[in-house]
Amino acid sequence: MRSTANAKASLCIGNAIAEMSKVADFVESFGVTHRLPSAAVNDMNLCLDELLNNTITYGYADDVAHSIAVSLTVERGRLVAELADDARPFDPRRSRFRPRAGGRGRRRIGKLGLRFVNALMDNVDYLRSDDYNLVRLEKMLQPAAPAGAAAGEAGSGSATEPG
Amino acid sequence: MKIAEEQAGGITVVAIDGRIDSNTAKSLEEKLTGLFKSGRNRVIVDCKQLAYITSAGLRVLLLAAKLADKSQGKLALCSMSVEVRRVFDLGEMSDLFAIYPSREEGLAKLA
């Protein structure tokens, strides 16, 4: 990982699903520029996708265009993302995913994304201030694995069959 | 995200390169739905080059698995990284899919 003192970047998008690819590209580019471990960058991107999708899909009661601000920093060995939006109040730490027992026919996806956010991030903070949701995500940066040591390269794991 | 399609015997291999997220999940849904509806109902999704998958992508795979069941077909996944597998585990989805360590093993099982 490269020295990341003063590493900071920000982006504003509109409240449309089509805008979200800008954020994914932005996070990926930030990771490449600062030579961050791809696993941490991917986890951050996954969680931002879940939160932004939730905000854009459910957060606004009107049809007016809104802006959502995304900033990235590296602080004390952590990749930090901050989101600011003027959607209805929503604390992502409070949602609980409860999978339904049974097979594929009964399985549901709702709130699953928020489980990912709370499980994959090392810290999630939320504040409602001046009619804005302010969400802060922190992901610890581990040193990148040596070449060839990535778990997926060897096709790791054993086969599983649907239950 | 790029989607490549190959035929191996009577099995269709769909290889994903990149991310499956809110923006790209729709393309994957169209691809998999199209395969099952056209009768090509033995499908392996190769995840070797998959960077990550969000809940939007999991929803698409679940939908495809249900289509496979309805058409007496099969859907399998293969070559997941541990990071991608962790997302399936967190979502308690791993037991809902046939998941194989390699494409070769998946092809052998679906043959």
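In this predicted model, L32(B) touches V14(B), V43(B), V45(B), V60(B), L61(B) and A64(B), where residues up to four places away in sequence are not counted and a contact means heavy atoms within 4.5 Å. Local features need pLDDT of at least 70 and side-chain atom pairs count only at pLDDT 80 or more, whereas totals for chains, interfaces and linings use all residues. Residues are numbered from 1 along each chain as its sequence is written, chains are lettered from A in the order in which they are written, and side-chain values use heavy atoms, with hydrogens and water left out.

L32(B) is also among the residues with the most contacts inside the largest nonpolar core. Such a core is a set of buried Ala, Val, Leu, Ile, Met, Phe, Trp, Tyr and Cys residues joined through side-chain atoms within 4.5 Å, buried meaning under 20% relative accessible area with a 1.4 Å probe and protein chains only.

| Core | Residues in core | Including |
|---|---|---|
| Largest | 71 residues | L137(A), L32(B), F88(B), F97(B) |
| Second, separate | nine residues | I44(B), A76(B), Y100(B), L110(B) |

F88(B) and F97(B) are both buried, and they form an edge-to-face aromatic pair, 5.8 Å centre to centre with 85 degrees between the planes; rings of Phe, Tyr and Trp (its six-membered ring) pair if their centres lie within 6.5 Å, and planes over 60 degrees apart count as edge-to-face.

Helix α1 (residues 25-37) of chain B packs with helix α2 (residues 55-70) of chain B at an angle of about 5 degrees, their axes lying 9 Å apart. The two helices α1(B) and α2(B) are therefore roughly parallel to each other, a term for angles under 35 degrees.

How values were computed: Axes are lines fitted to C-alpha atoms, for helices over the stretch in contact, and angles run from 0 to 180 degrees between N-to-C directions. Helices (H or I, at least four residues) and strands (E, at least two) are DSSP runs, numbered from the N terminus. Angles under 35 degrees count as roughly parallel, over 145 as roughly antiparallel, 65 to 115 as roughly perpendicular and the rest as oblique. Buried means under 20% relative accessible area, exposed over 50%, partly exposed in between (1.4 Å probe, protein chains only). Rings of Phe, Tyr and Trp (its six-membered ring) pair if their centres lie within 6.5 Å; planes under 30 degrees apart count as stacked, over 60 as edge-to-face and the rest as tilted.
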